[in-house]
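I opened my notebook to write down what I looked up in this structure. The entries follow the order in which I looked.

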Amino acid sequence: MAKKVVDYLQGIFAPKPTPSQSVDDDFGDYAAVPDPSPASITPSASTFATDGSTAPTSTPLIPYTKWYRIWERTSPRDFYQEAVIMPFIILIVGLHIWGRRKNRRKARAWITAHGPAMQKEFAVVGYGGKRSSVSADNGDDVDEEATGNEDLMREKTAMEFTSYATGRLNVASLELKLSLFKRYNPLTLMIESALGFLFESVTPPAERMEATSYVFDGKERDVVPVRSKAELDNKDARFKGLPSSSYDNFVWALVHKERMKRLRDDRYDISLTATRDHSKLPPWLTTMSESAEITEQMLRSEELVKAAKEAGDSFEYLIISDQPAEKPNKLADLEVSNASRKRIYLSLSLPPKSTHPSAYKTTLPLFTHFLRLADTLVSHAHFRPEVTKKIKATREEEVKKLRVKDESEKADERRLESEKRKKGERDARVKGLSAEEQRKFLEREREREIRKGEKKMSRKA
């Protein structure tokens, strides 16, 4: 009996076996499984299918090298796209550099050929503020170091070069502009050439020299700058001994016939003239003048005719004008233009092979005559009263047209202002009425409009 009691107490207080100590045939024993080791990130053939299946094709491994050892990580096949693009980039850059250098050589050749003639006529040539020595050599091309003409001509753009001269009797200033082909951009040049060939309204690209001479016309006192108080005090004595530099107002042009129609369409001053051929001129030249007497006076000197013939097809036009090139839209614009200085224009096309000063031998006499033309005008451009009266009548007719146009525009402005004022008064009146009164007011307005319309219809009938 006592033994049974002891066994019962041992069953209660004895420790129970843990799950790990119990045996279960359905579960595996993971107590002896080792810790997992880090897997390799390098792909290998052993990591692919192992159950007899075919392993996929793997790319060749890229070795790890220093960052600057590019040749060990790349191959020529990686640069096929760059190999296709680079020749085009090199071609574009090469054409751009060649085109700019070509234009600069042509500009240096031009100023080398014409610079001496400009220096003989003007005290200051170029933008340096002093005279520079320019001499042409006998080489094939013009060397910038040999000519020393950096200040004589300035590169405004890759296709446009400008120059300036001042300090001469009868001429206030001279402005020059060389317009060259866009050799640095062949695609644009070809498109502009094609459009100029297909459409008459589009001006085809051309290489030309355009010069504008601004004459004093007796306005030295107003144009010449005063640099000190002493010059200002002696201003009257400074200009007292100078001969008169004025001449009569007129428009006259010597034009190549191929340029005649475009000039008449583009320039307002040329539209005032009439075309006249002359026996002294070759068949490809003509004059555009306001009077036949002016033409006879201008062609009295054989020097101009001879120089124009020698220039040949390079000559485009020579214009003497006191009127604006652009058509004035208002009377005030014409008055401002008439108050400005008279001008002389010369346009010459550049020869194809003009990278050497000798290419300008045919046009140099005409350019020299252009520089001295102001002296000829001051001496001989004084016409009979009948001619002056005719020219003045033409000017007054143009002024009358502009005055009528201005008065018409002012009348329209006054009418619009009056209508706007009446509408404001009418709206203010309607706002102060009651709804019934507004309805009656609008009905009366509608009836008046109907009666006005009926009267207009009856008048037309």
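The entries below go from the whole chain to single residues.

**Entry 1: ground rules**

I am reading a predicted model, in which local features need pLDDT of at least 70 and side-chain atom pairs count only at pLDDT 80 or more, while totals for chains, interfaces and linings use all residues. Residues are numbered from 1 along each chain as its sequence is written, and side-chain values use heavy atoms, with hydrogens and water left out.

**Entry 2: the whole chain**

I looked up the elements and found 14 helices and 10 strands in the chain. Helices (H or I, at least four residues) and strands (E, at least two) are DSSP runs, numbered from the N terminus.

Of the 461 residues, 32% count as buried. Buried means under 20% relative accessible area, exposed means over 50%, and partly exposed is in between (1.4 Å probe, protein chains only).

The chain exposes about 31,000 Å², and carbon and sulfur atoms supply 56% of that area. Accessible areas come from the Shrake-Rupley method with a 1.4 Å probe, and for residues only the protein chains shown count as cover.

I then turned to contacts, meaning heavy atoms within 4.5 Å. Among contacts in the chain with a separation of 6 or more, residues 24 or more positions apart account for 71%.

**Entry 3: strand S6**

I asked which strands S6 is joined to by bridges. Five bridges join S6 (residues 252–256) to strand S8 (residues 285–289), and the two run antiparallel. Four bridges join S6 to strand S9 (residues 315–321), also antiparallel. Two strands pair if DSSP finds at least two bridges between them.

In S8, Val255 has Thr286 as its bridge partner. In S9, Leu318 stands opposite Leu254.

Are the residues of S6 buried or exposed? Five of its five residues are buried. Trp252, Leu254 and His256 lie on one side, with Ala253 and Val255 on the other.

Ser314 is in the loop between helix H10 (302–311) and S9. I count Ser314 as buried because its relative accessibility is 14%. Leaving out residues up to four places away in sequence, Ser314 touches Ser347, Leu348, Ser349 and Thr363.

Lys106 is in helix H2. Lys106 also counts as buried, because its relative accessibility is 0%.

**Entry 4: aromatic rings**

Rings of Phe, Tyr and Trp (its six-membered ring) pair if their centres lie within 6.5 Å; planes under 30 degrees apart count as stacked, over 60 as edge-to-face and the rest as tilted. By this rule I have four aromatic pairs. One of them is Phe250 with Phe383, edge-to-face, at 5.4 Å centre to centre and 90 degrees between the planes. This pair links distant parts of the chain, 133 residues apart: Phe250 is in the loop between helix H7 (235–240) and S6, and Phe383 is in the loop between helix H12 (364–380) and helix H13 (385–431). Phe250 is buried at 1% relative accessible area, and Phe383 is buried at 11%.

Ring pairs also link Trp110, Phe367 and Phe370 into a cluster.

**Entry 5: Val84**

Val84 lies in helix H2 (residues 80–121). I noted Val84 as exposed because its relative accessible area is 53%.
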